[in-house]
Amino acid sequence: MLGTRRFGVTAALALGLGTAASVAAGFDVVTGAAAVALDDLAQLATGLFATGCCWWTARRARGPDRAWRVVMGFGMLGWSVGQCLWTWYQLVEERAVPSPSPADAGYLSIVPFAFVALLVIGSHRRSGTPDALLDRRSRSARLVLLLDGLIVVGSLFLLTWTTSLGGLVQAGNPSTAAFLVAIAYPLTDLVLIVIVVVLCADRKVVLRPQLRLLGLGLIGLAVSDGVFAYLVSVQAPEVPPLANAGFVLGPVLIALAALVPSAPHAGPARTARSWQWAYLLMPYVPLLVCGVLVLRRTQIGDLAALDGVEIGCGFTVFVAVILRQLATIVDNARLAVMLRESEQILAHQARHDPLTGLANRALFESRLEEAMAEHHAGVPFGLLFVDLDDFKSINDVSGHAHGDAVLERVAERLLACVRDSDVVARLGGDEFGVLVRGVDEPEKVAFRVLDALGDEISASVGVVVCAEPDPEDTAQSVLKRADQAMYEAKRDGGRGLVIHP
């Protein structure tokens with residue numbers, strides 16, 4: 001790992017040399033056998049450079065940051081061995097590289113190592129607030145993620161097969177081994193690219209700079225793989241060195257992933273959002289491209305030429321899209337239910353006391369306003385204000401836990417004294433309110449309250465009876481009268497009630 005300035009200089013130099021080699025070989029600055037040699041040796045040099053950078057920086061790294069470098073170093077070593085064999089065929093034996101060949105084994109050996117390296121990077125995640133997009137652990141979320149990958153890989157493979165790979169296989173009439181090697185390159189490239197996009201969309205991944213450069217390097221290799229397959233499928237007389245630019249710059253980017261300084265903080269929110277948009281659109285863009293391709297073939301009347309691979313792959317993608325939409329609908333329905341439940345819980349918490357579960361002051365005053373409006377229309381109601389006597393001494397002597405238990409018992413006994421249509425509230429501390437609607441003699445409820453509290457819990461109760469409508473009465477005035485009546489009961493020695501008409 002290098003400092004920021006040294007990394008910038010190294011990155012500029014490495015990318016400059018790699019670009020210069022590709023340009024020199026591709027634009028006839030160097031021609032003939034020299035261009036082929038420059039192109040092959042540049043690929044081999046950058047592959048070995050990436051191998052060395054991964055293992056050299058792994059010495060000072062720790063944990064997952066070290067593990068992915070070691071694993072990726074083995075992957076780049078295998079790729080470099082494949083390139084070495086390719087160079088031997090072309091420069092030493094001066095003959096066409098057979099397919100399949102030992103070089104293919106070397107090239108493809110990068111796939112399992114890159115896969116493990118990406119999983120290691122993805123497992124090193126920042127703890128904290130869950131990521132809204134990727135940190136859900138429901139089965140449906142994991143199923144959607146799996147189907148997204150299947151849609152992307154299937155769509156792009158169908159596109160690759162239709163444009164180049166199918167023609168390459170059919171023209172060469174390959175053996176089973178050659179066929180498997182031919183499809184291994186695009187399939188494995190697509191799988192790795194999908195994993196890169198998914199991980200980049202996760203803001204909790206710690207090694208984001210390493211992930212981005214490693215992903216760009218793998219994409220570079222995949223692009224040149226695709227261009228190479230296309231040129232072979234159209235039976236191009238030769239593969240221009242410029243088509244191999246991804247084989248030169250891809251390893252350079254992987255080397256820079258090992259050299260980049262670790263970022264102490266997450267990247268900017270705009271970058272994270274852009275990767276999340278890429279993840280959200282990931283299943284649909286390749287599907288749209290395949291749809292356009294099929295539509296074009298329909299217009300030119302070429303659908304009859306669809307082979308078994310295209311039909312099977314297209315059907316698989318179609319089924320995956322249907323399953324994904326069904327899973328999304330089910331997940332959205334579940335989320336909607338959870339949202340409604342959360343809203344109900346929040347609404348209940350906002351209007352109820354967290355200790356006793358009774359209505360809080362805000363809800364009680366709202367119900368009192370409603371009762372007052374009905375009272376002006378001729379419906380009577382009564383208001384009780386209950387205050388526990390010497391409750392502070394209970395907390396001081398027995399502790400707040402015992403005091404809370406007393407408040408909970410009071411709440412249960414108050415609820416037992418009223419109807420479901422009445423309102424019992426904890427107004428604060430050891431003060432409770434009881435609203436009895438449509439009852440001409442609410443004082444009877446007050447006596448039931450004192451009897452329910454018994455000798456164990458002493459309380460003073462103030463009662464206001466609102467039997468006949470009074471235009472001057474308001475909710476606040478009635479509440480104030482009940483409070484005054486309670487204090488009169490407390491001044492009389494407590495454990496009693498005072499009734500105000």
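**Sheet and helix packing in the predicted model**

In this predicted model, strand β2 is joined to strand β3 (residues 431-437) by five bridges, and the two run antiparallel. Within this pair, Arg426 lies opposite Phe432 of β3. Strands of a sheet pair through backbone hydrogen bonds, in either a parallel or an antiparallel manner.

The β2-β3 pair belongs to an open sheet of five strands, arranged in the order β2-β3-β1-β4-β5 with mixed pairing.

Helix α17 (residues 475-491) lies across β1, β3, β4 and β5, and runs at about 140° to β4.

A helix-helix contact was also examined. Two packed helices are described by the angle between their axes and by the distance between those axes. Helix α14 (residues 391-398) packs with helix α15 (residues 400-416) at an angle of about 140°, the axes being 6 Å apart. The two helices α14 and α15 are therefore oblique to each other. On the α14 side the contact involves Phe391, Ile394, Asn395 and Ser398, which meet His400, His402, Gly403, Val406 and Leu407 of α15. By class, this contact of α14 with α15 comprises four nonpolar and five polar residues, with no charged residues.

How values were computed: Residues are numbered from 1 along each chain as its sequence is written. This is a predicted model: local features need pLDDT of at least 70, side-chain atom pairs count only at pLDDT 80 or more; totals for chains, interfaces and linings use all residues. Side-chain values use heavy atoms; hydrogens and water are left out. Two strands pair if DSSP finds at least two bridges between them. Helices (H or I, at least four residues) and strands (E, at least two) are DSSP runs, numbered from the N terminus. Contact means heavy atoms within 4.5 Å. Axes are lines fitted to C-alpha atoms, for helices over the stretch in contact, and angles run from 0 to 180 degrees between N-to-C directions. Angles under 35 degrees count as roughly parallel, over 145 as roughly antiparallel, 65 to 115 as roughly perpendicular and the rest as oblique. Ala, Val, Leu, Ile, Met, Phe, Trp, Tyr, Cys and Pro count as nonpolar, Asp, Glu, Lys and Arg as charged, and the others, Gly among them, as polar.
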